[in-house]
Amino acid sequence: MRFLLTSTFLIFIISSNAFAQPERIGAGLSFANTLEFNSGETSNPGVFLKTWIPLDKKRKVHLVPSVTAYNKYKYDPGTFILKNYMFQGDIDGQYVVFREKTVKVIGYAGANFTYLYSTFSPTLTSYTGPLSDAKDWAIGGNIGAGLELRMASRWDFIVSGKYKVSRYPQFIISVNAAYFFRDRDRTYRRR
């Protein structure tokens, strides 16, 4: 987990200094299909934080790093307690496919890092089952699309879906609010 948090922090710092200042920050919820891990599952929802770093003057292309922590899964049959945790870090290239006034259609693709951690605690001292603590990680890619809806001069509402390709494949639906650090024009303009 320390590796994931340190990597995400470094990605945010390096990206913001290499290209430009982030134009906005967002937070929201992610809902993913469950994964089997250590005789248990992963759980929903996930809470994520992301930022957008523009790569062109027209602000059609962005670098979007994000980090997600999912709700823990807990299984307690009485003889032991199993808890599973899942964390994800993404770095995506995002492109505005279509823009009309207050609506944008976006497409994106990028890399994903998934970290799974499981804790096992026997509640009976005589338990000798096959389970134990476990951890694993996987690197993969993702591709997705979404809608960005302008809500106010500094706020957007975003709905997106993506498919993550890795040893732990998932389909993820996300909803979030994004806050712009500077005011925008009254409407989106085609450039």
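A nonpolar core is a set of buried Ala, Val, Leu, Ile, Met, Phe, Trp, Tyr and Cys residues joined through side-chain atoms within 4.5 Å, where buried means under 20% relative accessible area, exposed over 50% and partly exposed in between, with a 1.4 Å probe and protein chains only. The model examined here is predicted, so that local features need pLDDT of at least 70 and side-chain atom pairs count only at pLDDT 80 or more, whereas totals for chains, interfaces and linings use all residues. Residues are numbered from 1 along each chain as its sequence is written, and side-chain values use heavy atoms, with hydrogens and water left out.

The largest nonpolar core comprises nine residues, namely Ala32, Leu35, Phe37, Tyr70, Met86, Leu116, Ala138, Tyr168 and Ile172. In soluble globular proteins, nonpolar side chains tend to be buried together.

Six aromatic pairs were found in a search of the whole structure, rings of Phe, Tyr and Trp (its six-membered ring) being paired if their centres lie within 6.5 Å, and classed as stacked with planes under 30 degrees apart, edge-to-face over 60 and tilted for the rest. The rings of Phe80 and Phe120 form a tilted pair, because their centres are 5.4 Å apart and their planes stand at 45°. Phe80 lies in strand 7 (residues 80-100) and Phe120 in strand 8 (residues 103-122), so this pair ties together parts that are 40 residues apart in sequence; strands are DSSP runs (E, at least two residues), numbered from the N terminus. Phe80 counts as buried because its relative accessibility is 9%, and Phe120 counts as buried at 13%.

Note on methods
Helix = DSSP H or I, 4+ residues; strand = E, 2+ residues; numbered from the N terminus.
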